[in-house]
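Please look over the structure below. A short report on selected regions goes with it.

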Amino acid sequence: MDNLAEFNMEGNDLEVTDDMLQAFKEKGYILIRGLLNNDELTKVKEVLENSELVPKYGYGIPDSSGRMPKMVLWRAAGSDVTGMVCRCEKVVTTSEKLLGGEVYHYSSKLVMKEPRIGGKQEWHQDYGYWYQNGLLTPDALSVFVAVDNCTKANGCLQILPGSHKCGRIEHKMVSGQTGADLERVAQIRTKLPLIHVEMTAGDALFFHSNVLHMSEPNDSDDRRWALIMAYNCASNNPVQHLAAPFPRYSKLEKVPNSAILECTNVSDFTGKEFLNPLDDKTVKADTSQTANLQQA
Ligand SMILES: O=C(O)CCC(=O)C(=O)O
């Protein structure tokens with residue numbers, strides 16, 4: 001990893017320093033080691049592993065090799081433990097400082113790469129998707145929180161630092177996913193280094209919506225799950241008729257970091273607005289194993 005963009009949590013509050021702002025501006029990302037502590041991570045896993053979230057709302061997004069990562073996506077934070085993570089200061093205020101203004105919750109998802117079967121994420125920029133949903137500027141970011149250790153072997157995220165300065169690259173459908181123009185990606189790769197973002201569970205990568213990223217299939221015996229939360233600037237409210245099914249601006253009620261451990265809701269997902277991927281113009285999902293998305 002690039003040490004200049006890598007930082008450690010000190011205590012349970014995250015102070016955004018000038019070095020972090022500089023790294024985000026120059027490289028398009030910052031890596032925060034230990035953003036979630038062990039107790040917080042245990043609570044998050046309790047929700048993700050033991051509730052109806054995955055069996056009821058999970059679906060697959062086929063990749064170019066015929067495999068697929070699986071995901072569950074929700075558009076509103078909700079009041080369960082994962083909602084507290086989406087709304088807590090160390091995630092939201094940090095995103096605001098990095099982007100330079102108020103943000104609102106755009107989406108959150110659990111991306112699941114199961115051992116030996118989890119598929120690949122094709123090269124893309126998140127703005128390659130969100131452009132189609134009416135975001136006029138790329139003033140948005142994602143926060144990738146490792147739920148499991150992410151390694152080269154189980155398909156960790158790979159990024160091209162600095163690629164957010166390339167602007168939006170053309171995207172088109174690659175199997176079920178929206179992927180970046182690979183010819184262009186190849187040219188950019190001659191100029192920028194590729195980084196494998198190996199993470200310990202609880203680490204978080206904040207990255208700009210124009211950073212090119214991908215991940216390989218999981219050919220290991222270790223699960224690779226990640227919670228990815230996305231925020232858009234309030235000033236970048238999407239064009240009304242293009243926004244759906246993703247949300248336009250609504251104020252995000254922040255909570256203190258302590259709310260994650262104080263939250264006792266591990267099973268009531270009222271108000272999370274799970275995405276039915278059949279409504280999403282940017283993916284072609286496989287919902288054959290989805291129990292009940294129609295009622296989301
Ligand atoms: O989980 C990954 O490896 C990447 C996921 C991602 O980039 C996405 O869902 O947009």
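## Model and confidence

This is a predicted model: local features need pLDDT of at least 70, side-chain atom pairs count only at pLDDT 80 or more, and totals for chains, interfaces and linings use all residues. Residues are numbered from 1 along each chain as its sequence is written.

The average pLDDT (the predictor's confidence in each residue, from 0 to 100) is 93. At least 70 is reached by 97% of the residues. Residues 292–296 fall below 50.

Strands here are DSSP runs of E, at least two residues; helices are runs of H or I, at least four; both are numbered from the N terminus.

## Asparagine 210

Asparagine 210 sits in the loop between strand 12 (204–208) and strand 13. Is asparagine 210 buried or exposed? Asparagine 210 is buried, because 21 other C-beta atoms lie within 10 Å. Buried means 20 or more such atoms, exposed 12 or fewer, and partly exposed in between, with C-beta atoms placed from the backbone. Leucine 141 is 69 residues away in sequence, yet 8.4 Å away in space, C-alpha to C-alpha.

## Helix 1

Helix 1 (residues 18–27) buries Ala23, Phe24 and Lys27. Seen down the axis of helix 1, these residues fall within an arc of 100 degrees, so they line one face. The arc is taken from the directions from helix axis to C-beta atoms. Just after helix 1, glycine 28 has a positive phi of about 90 degrees.

Terms used
Two residues are in contact if their C-beta atoms, placed from the backbone, lie within 7 Å.
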